[in-house]
Amino acid sequence: MRAIITVIGKDKKGIIAGVSTELAGAGINILDISQTIMQEYFVMIMLVDMASATDDFNVIQGKLDKKGGELGVQVKIQREEIFQAMHQI
């Protein structure tokens with residue numbers, strides 16, 4: 001299974017490292033990543049492979065939410081098929 005992760009918040013040091021470390025600890029591989037700074041806001045989108053994840057989706061979602069709180073950003077994860085269905089015309 002693949003998923004889309006979005007990270008948005010005020011820019012500061014350690015955001016990419018914090019999210020990436022959390023993903024690696026859960027056995028999740030980052031397939032693609034795009035990030036930018038829009039004025040003072042950090043915006044990142046990741047495509048991840050969850051085939052080797054050590055926890056189920058809901059547990060990972062909770063861990064990412066907690067990590068986002070620690071980093072002062074909003075971290076959201078969606079299954080790829082749901083993301084695609086929501087964005088079809």
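Before we look at the sheet, a word on terms: two strands pair if DSSP finds at least two bridges between them, and helices (H or I, at least four residues) and strands (E, at least two) are DSSP runs, numbered from the N terminus. What I am showing is a predicted model, in which local features need pLDDT of at least 70 and side-chain atom pairs count only at pLDDT 80 or more, while totals for chains, interfaces and linings use all residues. Residues are numbered from 1 along each chain as its sequence is written, and side-chain values use heavy atoms, with hydrogens and water left out.

Strand 1 (residues 2-10) is joined to strand 4 by 7 bridges, and here Ala3 stands opposite Arg79 in strand 4. Between strand 2 and strand 3 there are 9 bridges, with Asn29 placed opposite Asp49 in strand 3.

Which residue in the turn of the hairpin has a positive phi? It is Gln39, in the hairpin that strand 2 and strand 3 form with 2 residues between them, and its phi is about 55 degrees. Most residues other than glycine have a negative phi. Gln39 is exposed, at a relative accessible area of 75%, and for this talk buried means under 20% relative accessible area, exposed over 50%, and partly exposed in between, with a 1.4 Å probe and protein chains only.

Lys67 is found in helix 2 and counts as buried, at 18% relative accessibility; leaving aside residues up to four places away in sequence, Lys67 touches Gly18 and Glu22.

That brings us to the interior. A nonpolar core is a set of buried Ala, Val, Leu, Ile, Met, Phe, Trp, Tyr and Cys residues joined through side-chain atoms within 4.5 Å. The largest one has 20 residues, and those with the most contacts inside it include Ile5, Val7 and Ile77. At least two residues of this core come from each of strand 1, helix 1, strand 3, helix 2 and strand 4.

Finally, the salt bridges, each a side-chain nitrogen of Lys or Arg within 4 Å of a carboxyl oxygen of Asp or Glu; the count comes to 4. Glu80 forms one with Arg2, the closest N and O atoms being 2.6 Å apart, and this pair links distant parts of the chain, Glu80 in helix 3 (residues 80-86) and Arg2 in strand 1, 78 residues apart. Glu80 counts as buried, at 16% relative accessibility, whereas Arg2 is partly exposed at 35%. Another salt bridge joins Asp55 and Lys63, with the closest N and O atoms 2.6 Å apart.

Definitions and conventions. Contact means heavy atoms within 4.5 Å.
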